[in-house]
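Keep the 3D view open as you read.

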Amino acid sequence: MKILNSIGKFLDQPRLIAKFSYALPPIISLGAAAVVLNNTYKGNASERRNYFIQDGLTMFGAVSSSLLAPKITAKLFKTGPKIVGIKELEQKNTILIDNFLKNNKLNKETETILHKAKSKILGIHDIKILFRDLNKDNGKKLMQNLIPEPENITSKEIFSEIGRLSVFGLIPVIGGILGGIFGDKYSGKNYKERIPNKIKEGAYQYLANIFLCNIGAGCALGILEKSKIKSKSARAIGMITGIVLTGVVGGSAVANMIGKKVINKCFKQKNAVEKERKPEPLDICLHSDDIATVAVMSGLRWIEPGLPALYSISGYRAGIGYRGKEG
């Protein structure tokens, strides 16, 4: 078994995904708390209380909504990966492996690894050995049950998946904006005057970094599906191309146009009409969530639990507000 396939199988182990999923909320929360404390102590000593309130509530809105987003989208769309509990996995794996060992003779090394698979995460070397030794029909079926293959979504599922991921990304942006508004209000800022800039930044984050990228990936995937191209590498390259064309290239322009023509006029921000949001280094880094989108659409289950961490960054930046420059 090739090393890349072994790594892919290692990452797609249901037990590893379950542990990652359970570990992520406290990790995100601790990281968010560290950012808030760092920002607080970087400010003037006399204003630290207000910095803490403002930044803390903004971060709380973004992170809490990002952690709720999977549950909300699961209810709305009745789809999305189900994370199986660790105890349930152990029971299932034990039954599968015991039944297999009753009817099949294996060498000691392979049998030991299978017993390990009942209750532990397998290493890459363990997985290579199993796929080497369990290459007959029964063995292949067992491995498929223990570590299911990623499934390409069909053309009928593409737009549902785009919708699900787009709503998933929208929830943290809304949460960040609301958190930012409350942060301004309770830290003594003139929060009403700052609301339009938060909505503008939210529109920028959502359109440029999330929604249009999803559309680009989905359209590219639809074209590949109609062309009956099933290769995972070809589908990944096609979706990344779609993301670059619609999100990275066009997303910023569309978001700025909506900010100028719609949001500024709705809030009568005459002095802000000519301000334009320029992409910043972190905006480019945020397109890592587009790679995650490609992976999710390609059926890689281990990526999905990490989406709240990526989308919460966009939510937090929306809550901070628009950082437009003249021109």
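Helix H4 (residues 86-103) packs against helix H5 (residues 108-117) at an angle of about 155°, and their axes lie 9 Å apart. That angle makes H4 roughly antiparallel to H5, a label given to angles over 145 degrees. Axes here are lines fitted to C-alpha atoms over the stretch in contact, and angles run from 0 to 180 degrees between N-to-C directions. Helices are DSSP runs of H or I with at least four residues, strands are runs of E with at least two, and both are numbered from the N terminus. On the H4 side, Asn 93, Ile 97, Phe 100 and Leu 101 meet Glu 111, Leu 114, His 115 and Ala 117 of H5, where a contact means heavy atoms within 4.5 Å. The residues of this contact of H4 with H5 are five nonpolar, two polar and one charged. Ala, Val, Leu, Ile, Met, Phe, Trp, Tyr, Cys and Pro count as nonpolar, Asp, Glu, Lys and Arg as charged, and the others, Gly among them, as polar.

A word on the source: this is a predicted model, in which local features need pLDDT of at least 70 and side-chain atom pairs count only at pLDDT 80 or more, while totals for chains, interfaces and linings use all residues. Residues are numbered from 1 along each chain as its sequence is written, and side-chain values use heavy atoms, with hydrogens and water left out.

H4 also packs with helix H7 (137-146). Their angle is about 175° and their axes are 11 Å apart, so H4 and H7 are roughly antiparallel to each other as well. Lys 92, Asn 93, Leu 96, Ile 97 and Phe 100 in H4 meet Asn 138, Gly 139, Leu 142, Asn 145 and Leu 146 in H7. This contact of H4 with H7 divides into five nonpolar, four polar and one charged residue.

Now look for the largest cavity, which has a volume of about 120 Å³. A cavity is a set of points on a 1 Å grid over the protein atoms alone where a 1.4 Å probe fits but cannot get out, and lining residues have an atom within 4 Å of a point. Helix H2 (14-42), H4 and H7 each supply at least two residues of the lining. Among the lining residues are Leu 89, Asn 93, Ala 117 and Leu 146. By class, the lining has seven nonpolar, two polar and two charged residues.

Finally, the protein as a whole has 14 helices and two strands.

Methods. Parallel < 35°, antiparallel > 145°, perpendicular 65-115°, else oblique. 1 Å grid on protein atoms, 1.4 Å probe; cavity = no way out; pocket = protein on both sides within 12 Å on 5 of 7 lines; lining within 4 Å. Points joined across faces, edges and corners; volume = space filled by probe spheres on them.
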